[in-house]
Amino acid sequence: MATATANINFFQARKGLFSWIFSVDHKRIGLLYLYSLMTFFLVGVTLGLLMRYELLNPGKDLVEAQTYNQIFTLHGVIMIFLFIIPSIPAVFGNFFLPIMLGTDDVSFPRLNLLSWWIYIIGAIMALSTLVFGDGPADTGWTFYAPYSVNTTTNVSMSVLAAFVLGFSSILTGLNFIVTIHRLRTPGMTFLKMPLFAWSLYATSWIQLLATPIIGITLLMIVAERALGVGLFDPSIGGDPILYQHLFWIYSHPAVYIMALPAFGVISELLPTFSQRTIFGYKAIAFSSLAIAFVGYFIWGHHMFTSGMSGTARIIFSILTFFVAIPTAIKVFNWVATLYKGSINVQPPLLYALAFIFQFMIGGFTGLILGALATDIHLHDTYFVVGHFHYVMFGGTGFAFFGALHYWYPKIWGRMYNVKVANIAFTIFFIGFNMLYFPMLIAGLMGMPRRYYDYLPEFHLPNMISTYGSWVLAVGLLLMLGNLIAGFYKGKRGVGRNPWGGITLEWQTLSPPPVQNFDRMPEIPKNGPYDYENKPIIKE
Amino acid sequence: MENHKNHHNDDQHETHHIASYKEHFSTLAALLLLTFVTVVVSVFGANLATLSVATALLIATIKVIVVAYYFMHLKYEKKIYSWLILLVVVLFVAFTVITAIEYLNR
């Protein structure tokens, strides 16, 4: 084990393109996901900027109404299915889960590689709608029937792409569940697992159980379009509300596929940068499972205005409030973790704090939408768009970039420029809130979502929002530029543990060796955040 | 680092179980019989109307349990894995029942 070859890091092990795209090393697969995800993310951001530019003034600014419909659909499909659903599990889960568990790979490495390939095939299928058929779908990312059955745009390929991408998600989830059950290092019981692993465990169960439902639902759309089977279109005997049920039975739990891993990241960042034990370890761990479980039963709150039964609407509204309980448990525990900690303000912590602030805005606006009476007024307004982006981008997106800044020195063995990272964060944070907060206001004023044009009274919030999108883009480019510059020119020799963390990944080399550890990792006796009995890590 | 197959923890069972031929063939026979029953019900039990679907689903569920228990060695695993599978079934039933309640109350 302590031989020189054992310490060859995973970058040095093999060279060449094929050594990457056919690698079964979980670390390389994590990075393959990172590079592909970021590519699609930038495409999604570009589409988002185009939408915002179009909405700068009432009337036409840039594109026609039909093009606008296609842009927001593609923006949604890319951001949801290609970026945010895979994001944290596929990149940081793949890279760090085995290391945090003290093992050398996931349970099924080949299946892991297959899931990346399926992801790429699904992505190509989604983007192919830009050039093949009658243009990208114009239905919105929800593909609501019966419009998705009737439109002439290339809906079939878009939903098939989402269907294929679902398999990638299922395989990753399956791999993580088995890895967590079977490959934990000796001595690491479930209650000694890092909270990131707990969050991935809860997420994986959703990926495994909920994703097949969207798969079959999307195939039903294709069957209806291609074969005329009356499933969702009332004119041929279908039920459009059934589509919404099936879609949201998956897509509401999918919100937790997107959010739970972010919770896990925050639960790692806060103890490290406050140098103290996480407050309420068990409460945070079990609340992940509770969110995953309760999240299965509240899909109907997306359908309050669909025409479904009044009884069901009341039941779904009540159930929705239950999910706020485990979520609030997490937030209170995070804040309590910071209390009296030795806080070290570094870029990852800034992202974590921004996460808490923005996720709270997203969460509270979610309660307003979960309440039946207020939702009737706000449904399909910009309030929903603002809420959704506060949760997904302000929450998960910020956690993703926080994780990237946190694990950056471990992955690449170099450090980015911290000062530039702080400036980039500040611009990014201001831009984000300028972009999305006015949407909440516009929504409250009654501006409907998914419209190409708007009344003059909505001009001011839209103008601020579009300017905010430019500020956000500057912050994003500066952040990514800084990270890329760090890759080429960043300070080497960051050591094993630049942040003073105590989960197992900080005990190994940076970058980690091929087999993950050059020596047996030491499992802390009193759980993964026992800062009082911190293991001494020798370089 | 030793190969991960040598890792042990609370959930891991390294003992290999070799099921007897008798068990394998009995399971196979049971599955074939259930398939035969499914066909019989669908062909000859058409007058059962909606019950035909319920019967087919019931038989399929029994087959799933037989495959998981014998072929997939659930019988040798810790009880937690049986509970996890039961949880999946509960979720599926919940989705179906909630959607049906909504439809019937519309």
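At what angle do the axes of helix H2 and helix H3 of chain A cross?

## Basis of the model

The model is predicted, with local features requiring pLDDT of at least 70 and side-chain atom pairs pLDDT 80 or more, while totals for chains, interfaces and linings use all residues. Residues are numbered from 1 along each chain as its sequence is written, and chains are lettered from A and ligands numbered from 1 in the order in which they are written.

## Helices H2 and H3

The axes of H2 (residues 26-54) and H3 (residues 65-84) of chain A cross at roughly 150° and come within 9 Å. H2(A) is therefore roughly antiparallel to H3(A) (the term covers angles over 145 degrees). Their crossing is left-handed, that is, the near helix is turned anticlockwise from the far one by less than a right angle.

Residues in contact (C-beta atoms, placed from the backbone, within 7 Å) include A:Phe40, A:Gly44 and A:Glu54 in H2(A), and A:Tyr68, A:His75 and A:Phe83 in H3(A). By class, the contact of H2(A) with H3(A) has 15 nonpolar, three polar and one charged residue.

## Helices H9 and H12

H9 (residues 240-274) and H12 (residues 347-370) of chain A pack with axes 9 Å apart, at an angle of about 125°.

On H9(A), the contact is made by A:Ala262, A:Ile266, A:Leu269, A:Leu270 and A:Phe273; H12(A) contributes A:Pro348, A:Leu349, A:Ala352 and A:Phe355. The contact of H9(A) with H12(A) comprises nine nonpolar residues, no polar and no charged ones.

Key: Axes are lines fitted to C-alpha atoms, for helices over the stretch in contact, and angles run from 0 to 180 degrees between N-to-C directions. Helices (H or I, at least four residues) and strands (E, at least two) are DSSP runs, numbered from the N terminus. Angles under 35 degrees count as roughly parallel, over 145 as roughly antiparallel, 65 to 115 as roughly perpendicular and the rest as oblique. Two residues are in contact if their C-beta atoms, placed from the backbone, lie within 7 Å. Ala, Val, Leu, Ile, Met, Phe, Trp, Tyr, Cys and Pro count as nonpolar, Asp, Glu, Lys and Arg as charged, and the others, Gly among them, as polar.
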